[in-house]
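Hello,

Here is the structure for you to look over. My notes on its cavities and aromatic contacts follow below.

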Amino acid sequence: MALAGLTDRGARLAERWWLWPLALWLVSRLVSTAFLGAFAGVQGRSFWTPAGPGLLDYSTMWDAHWYYIVAMSGYPAELPLDDDGHVGENAWAFMPVYPMLARAIMALGLSWDAAAVLLSVAASAAFALVAYRLLQEIAPGRERFALALVLLSPVAPVLQLGYAESLFLLLLAGALLAWRLRAWEWLWVLVPIMSLTRPGGLAFALALGLWFLVRWVRERDAFAPRERWMLVALGAWSALWGFGWLIACTVVTGSIDSYLETELSWRSAYIGRQELVPFTPWPIGLEWWFGPWWPVWLVGIVAAAVALLAGPWARGVALEGRLWTIAYLVYLAAVWFPQSSTWRLLLPIFPAAAIVAALRPGWARALVLAASIALQPVWIWFCWHHIAPDWSVP
């Protein structure tokens with residue numbers, strides 16, 4: 001009888017699987033809100049806010065203002081030019097799904113600040129649920145700590161700011177879960193929306209391509225032709241949407257270089273105007289930051305990534321999670337110029353938190369989680385809190 005009672009209780013708890021991720025989400029938002037509120041109280045007058053702004057105003061600084069411009073005015077057909085005739089910073093760098101959804105929420109009578117933050121907070125809660133289910137699938141037994149590490153990471157405050165990160169992570173977690181469960185029909189829908197929220201389509205196409213190659217080598221006979229063609233089609237679909245925003249920008253502005261030149265305008269403040277050559281931004285950026293020591297840093301970063309993904313601790317994470325992490329890191333290596341926003345852009349490799357969850361003993365995991373929480377105010381201070389002149393953008 002006692003055993004039967006325990007079994008029934010376990011079944012009831014399993015049916016309420018959503019309690020853990022929502023509890024972790026609530027705790028994480030209370031922590032991040034406390035930090036953000038403390039910094040808002042000492043924020044001086046800035047381009048976006050008066051001195052001592054309220055939490056909503058403080059949560060919609062920096063690029064949130066660009067999303068506001070998109071929501072209110074859309075995208076320019078004629079791009080702004082700087083004094084040298086190069087394309088300047090403009091709204092085309094910010095994809096439309098997040099600002100358009102926030103604009104729709106404003107129809108409820110909310111201000112832009114309230115609508116943007118509400119969307120981010122709601123999306124972060126949904127992300128916690130979907131990511132928990134994904135982590136259960138790709139790293140069973142590690143999902144609680146892995147999700148806690150993501151939700152309490154040093155950059156976790158961004159999940160409730162006026163940025164598209166929460167919404168993108170929700171869509172990405174859904175796409176990865178659909179891939180893991182072979183629910184291919186969902187990918188046809190999720191990939192376009194995800195790719196128009198934040199860049200990710202090309203990395204997802206690469207991840208599917210890597211998975212195709214692995215299966216071709218390891219299990220060619222069991223790799224059914226129908227599944228092969230499905231992966232080829234979905235990979236092409238993801239790649240197409242990876243270029244979708246560039247195509248849209250080209251159609252509206254009439255210039256095939258308009259989107260790329262827009263993106264390059266942001267890094268020109270660091271290194272001047274340079275053409276984008278794949279896989280050169282990191283050497284260039286590290287040299288800008290660290291001078292002649294840049295090769296040491298580059299080797300160290302690559303070695304750390306390889307150690308994380310190729311070590312024995314990674315074996316408990318399903319191939320889909322590891323391949324996505326590899327593909328996204330390769331994508332960043334190809335196109336991203338390393339600067340203070342890099343920490344935020346690493347959030348999409350959240351499945352890698354399941355690798356860190358393999359740390360033993362338990363006190364080591366507790367130490368990592370405590371360090372993550374302690375670094376939240378550090379990230380807010382150096383990246384979000386504004387003290388002019390401030391070039392450490394979030």
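Tyr163 and Trp384 are both buried in this predicted model. Before I say more about them, here is another pair.

Tyr75 and Trp245 form an aromatic pair. Their ring centres are 5.0 Å apart and the planes meet at 70°, so the pair is edge-to-face. The cut-off for that class is over 60 degrees. The two residues link distant parts of the chain, 170 residues apart. Tyr75 is in the loop between helix H4 (64-73) and helix H5 (97-106). Trp245 is in helix H12 (residues 244-253). Trp245 has a relative accessible area of 7%, so Trp245 is buried.

Back to Tyr163 and Trp384. They also make an edge-to-face aromatic pair, 5.5 Å from centre to centre with 65° between the planes.

The aromatic pairs come to 31 in total. There is also an aromatic cluster. Trp179, Trp184, Phe204, Trp211, Trp324, Tyr328 and Tyr331 make it up. Look at Trp211 in particular: the charged end of Arg215 sits over the ring of Trp211, 4.9 Å from the ring centre.

Now the cavities. How many of 30 Å³ or more does a search of the whole structure find? There are two.

The largest cavity holds about 70 Å³ of space. Its lining has seven nonpolar, two polar and two charged residues. Among them are Leu264, Arg267, Gln274, Glu275 and Phe337. Helix H13 (258-271) and helix H14 (281-290) each supply at least two lining residues. H13 gives the most, with three.

The second largest cavity holds about 40 Å³. Helix H8 (165-181) and helix H17 (342-345) are the elements that give two or more residues to its lining. H8 has the largest share, three residues. By class, this lining has six nonpolar, no polar and three charged residues.

Best wishes

Definitions and conventions:
Residues are numbered from 1 along each chain as its sequence is written. This is a predicted model: local features need pLDDT of at least 70, side-chain atom pairs count only at pLDDT 80 or more; totals for chains, interfaces and linings use all residues. Side-chain values use heavy atoms; hydrogens and water are left out. On a 1 Å grid over the protein atoms alone, a cavity is a set of points where a 1.4 Å probe fits but cannot get out, and a pocket is an open set with protein on both sides within 12 Å along at least five of seven lines; lining residues have an atom within 4 Å of a point. Grid points are joined across faces, edges and corners, and a volume is the space filled by probe spheres set on the points. Helices (H or I, at least four residues) and strands (E, at least two) are DSSP runs, numbered from the N terminus. Ala, Val, Leu, Ile, Met, Phe, Trp, Tyr, Cys and Pro count as nonpolar, Asp, Glu, Lys and Arg as charged, and the others, Gly among them, as polar. Rings of Phe, Tyr and Trp (its six-membered ring) pair if their centres lie within 6.5 Å; planes under 30 degrees apart count as stacked, over 60 as edge-to-face and the rest as tilted. Buried means under 20% relative accessible area, exposed over 50%, partly exposed in between (1.4 Å probe, protein chains only). A charge sits over a ring if NZ of Lys or CZ of Arg is within 6 Å of the ring centre and within 35 degrees of the ring normal.
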